[in-house]
Amino acid sequence: MANKTFALNTEPHIATVGSVDLGFQPEVMGDDFMDGYMALRDAQRGAGVDVENLEDADPSALRGVTNALRTFLADLMVEDSAKVFLSADVVQAREVVGTYAKWAEAEAAAADLDGASVRWTLRLPDRVIVELMEWVVELYGGGSRPTGSSSGSSRPPSRAGRRGTGVSRSKVSTPTTGS
């Protein structure tokens with residue numbers, strides 16, 4: 001009878017964004033990942049947002065998709081990082097007048113204040129949020145899983161070609177494994 005040992009990651013994966021380290025769970029069960037990913041996809045479809053044509057998108061629908069994307073990412077993070085990632089500030093007259101654990105809580109508080117608005121406490125460009133999503137999809141969704149320490153896995157491998165160059169995926173060879 002043959003024996004096989006499978007290693008499990010035990011240290012959080014770290015994504016360094018500027019000066020902030022965001023810790024992601026060492027391992028995520030496949031169904032948890034897929035449930036979160038499906039909720040994200042449903043939010044995008046439900047909002048009627050075509051990610052290929054954002055020019056025509058309703059700003060409030062885009063905000064809903066951004067919130068769903070942040071929630072998806074936070075659900076994969078360790079608790080302390082998720083709190084930082086999901087917190088929202090209420091801003092009035094260019095000053096932060098309150099910080100809340102969730103966007104909806106901040107919106108409710110801002111509604112009671114004249115001229116107040118809500119913004120993420122950890123402000124990140126959309127491209128960084130999208131890159132984080134691509135990284136976690138590869139990390140947990142079955143792409144090239146890291147085999148070494150998780151600190152060495154904070155950047156995904158680069159893709160062939162550049163965005164918008166029209167590189168056909170069919171021309172990118174996919175490695176195969178034998179038994």
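Ala93 counts as exposed, because its relative accessibility of 67% lies over the 50% cut-off for that class. In this predicted model, Ala93 sits in the loop between E3 and E4, and its phi is near 50°, a positive value in a residue other than glycine. Most residues other than glycine have a negative phi.

**The loop between E3 and E4**

- Arg94 is likewise found in the loop between E3 and E4, and its phi, near 65°, is also a positive value in a residue other than glycine.
- With a relative accessible area of 83%, Arg94 is exposed, because the class begins over 50%.
- The strands E3 and E4 form a hairpin with two residues between them, and it is in this hairpin that Ala93 takes its positive phi near 50°.

**The three-stranded sheet**

- The order of the strands in this open sheet is E4-E3-E5, and their pairing is antiparallel.
- Strand E4 (95-100) and strand E5 (117-120) stand at the edges, and since each has a single partner strand, one side of each is left without a neighbour in the sheet.
- Neighbouring strands of this sheet are turned against each other by 35° on average, when direction is ignored.
- Strand E3 (residues 88-92) is joined to E5 by four bridges, the two strands running antiparallel, while five bridges join E3 to E4, again in the antiparallel sense.

- Strand E1 (residues 13-17) and strand E2 (residues 20-24) pair in the antiparallel sense, over five bridges.
- One of the bridge pairs brings together Val17 and its partner in E2, Val20.
- Two residues lie between E1 and E2 in this hairpin, and Gly18, in the turn, has a positive phi of about 65°.

**The packing of H1 against H5**

- Helix H1 (residues 30-47) and helix H5 (residues 126-140) pack at an angle of about 145°, and their axes are 11 Å apart.
- The crossing of H1 and H5 is left-handed.
- On the H1 side the contact involves Phe33, Tyr37 and Leu40, which meet Met133, Val136, Val137 and Tyr140 in H5.
- What is the make-up of the contact of H1 with H5, by class? There are seven nonpolar residues in it, with no polar and no charged residues.

Technical notes: Residues are numbered from 1 along each chain as its sequence is written. This is a predicted model: local features need pLDDT of at least 70, side-chain atom pairs count only at pLDDT 80 or more; totals for chains, interfaces and linings use all residues. Side-chain values use heavy atoms; hydrogens and water are left out. Axes are lines fitted to C-alpha atoms, for helices over the stretch in contact, and angles run from 0 to 180 degrees between N-to-C directions. A crossing is left-handed if the near helix is turned anticlockwise from the far one by less than a right angle, and right-handed if clockwise. Contact means heavy atoms within 4.5 Å. Ala, Val, Leu, Ile, Met, Phe, Trp, Tyr, Cys and Pro count as nonpolar, Asp, Glu, Lys and Arg as charged, and the others, Gly among them, as polar. Two strands pair if DSSP finds at least two bridges between them. Buried means under 20% relative accessible area, exposed over 50%, partly exposed in between (1.4 Å probe, protein chains only).
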